[in-house]
Amino acid sequence: MFRIIGNRCTGKTYQLMQYAKDNDAIFVCSNPRLMRIKAEQYGIIGLNCISYSEFLKSRDLKEKFVIDEVEILLRLINPCMELIGYNLSEE
């Protein structure tokens with residue numbers, strides 16, 4: 001699994017977009033239309049983007065996905081959940 005952890009404005013989204021494109025993965029984000037435009041501005045053409053809600057409805061588990069801002073997705077899965085911490089393992 002590819003993880004990107006870093007401060008704001010350090011190129012995390014660009015790296016994730018490039019990784020998705022290189023690995024034929026679907027880019028899951030809040031606004032697919034704007035992310036496609038952003039990807040094209042970075043020179044990444046043909047990035048397949050879907051929204052968080054489309055991802056949650058998806059039943060095709062054979063696809064590969066990358067998720068932009070996974071914390072937002074977690075809040076959508078359970079809006080009542082009070083997430084006060086989590087950890088990540090670097091493998």
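Visitor: In which helix do Glu71 and Arg75 both lie, and how many residues apart are they?

Guide: The model is a predicted one. Glu71 and Arg75 both belong to helix H4 (residues 70-77), four residues apart, about one turn of the helix. Their side chains meet in a salt bridge, with 3.9 Å from N to O.

Visitor: How many salt bridges does the count come to?

Guide: The count comes to one salt bridge.

Visitor: Is Glu71 buried, partly exposed or exposed?

Guide: Glu71 counts as partly exposed because its relative accessibility is 30%, and the range for that class lies between under 20% for buried and over 50% for exposed.

Visitor: Let us turn to the sheet. In what order do the strands lie, and is the pairing parallel or antiparallel?

Guide: In general, strands of a sheet pair through backbone hydrogen bonds, either parallel or antiparallel. In this model three strands form an open sheet in the order S2-S1-S3, and the pairing is parallel. The edge strands, each pairing on one side only, are strand S2 (49-51) and strand S3 (65-67). From one strand to the next, the twist averages 30 degrees.

Visitor: Over how many bridges do S1 and S2 pair?

Guide: Strand S1 (residues 26-29) pairs with S2 in the parallel sense over three bridges. Within this pairing, Phe27 stands opposite Cys49 in S2, and the bridge partner of Cys29 in S2 is Ser51.

Visitor: What joins S1 to S3, and which residue of S3 does Phe27 stand opposite?

Guide: S1 and S3 run parallel and are joined by three bridges. In S3, the residue opposite Phe27 is Val66.

Visitor: Which way do the side chains of S1 point, and are they buried or exposed?

Guide: In a regular strand the side chains alternate between the two faces of the sheet. In S1, Ile26 and Val28 point one way, whereas Phe27 and Cys29 point the other way; all are buried.

Visitor: Which residues make up the largest nonpolar core?

Guide: As a general matter, nonpolar side chains in soluble globular proteins tend to be buried together. The largest nonpolar core in this model has 12 residues in all, including Leu16, Met17, Ala20, Phe27, Cys29, Met35, Cys49 and Val66. Helix H1 (12-22), S1 and H2 are the elements that give two or more residues to this core. H1 gives the most, with three residues. Apart from this core lies another, of six residues, among them Ile26, Ile50, Tyr52 and Phe55.

Visitor: Which residues does Val66 touch, if residues up to four places away in sequence are not counted?

Guide: With such neighbours left out, Val66 touches Leu16, Tyr19, Ala20, Ala25, Ile26, Phe27 and Val28.

Visitor: Where is the place of Phe55, and what does Phe55 touch?

Guide: Phe55 lies in helix H3 (residues 52-57). Not counting residues up to four places away in sequence, Phe55 touches Val28, Ile50, Phe65, Ile67 and Leu73. Phe55 and Gln15, in contrast, are 40 residues apart in sequence and 20 Å apart in space, C-alpha to C-alpha.

Visitor: I now turn to the backbone. What is phi of Cys9, and where is the place of Cys9?

Guide: Phi of Cys9 is near 60 degrees, a positive value in a residue other than glycine. Cys9 is in the segment before H1, and its relative accessible area of 78% is why Cys9 is classed as exposed.

Visitor: What is phi of Glu69, and where is Glu69?

Guide: Phi of Glu69 is also positive, near 60 degrees, in a residue other than glycine. Glu69 is placed in the loop between S3 and H4. With a relative accessible area of 45%, Glu69 is partly exposed.

Visitor: Is Ile77 buried or exposed?

Guide: Ile77, in helix H4, is exposed, with a relative accessible area of 53%. Ile77 and Cys29 are 48 residues apart in sequence and 14 Å apart in space, C-alpha to C-alpha.

Terms used
Residues numbered from 1 in each chain as written. Predicted model: local features only at pLDDT ≥ 70, side-chain atom pairs only at ≥ 80, totals over all residues. Heavy atoms only, no water. Pairing = 2+ DSSP bridges. Axes fitted to C-alpha atoms, helices over the stretch in contact; angles between N-to-C directions. Salt bridge = Lys/Arg side-chain N within 4 Å of Asp/Glu carboxyl O. Buried < 20%, exposed > 50% of the residue type's maximum accessible area, 1.4 Å probe, protein only. Core = buried A, V, L, I, M, F, W, Y, C linked by side-chain atoms within 4.5 Å. Contact = heavy atoms within 4.5 Å.
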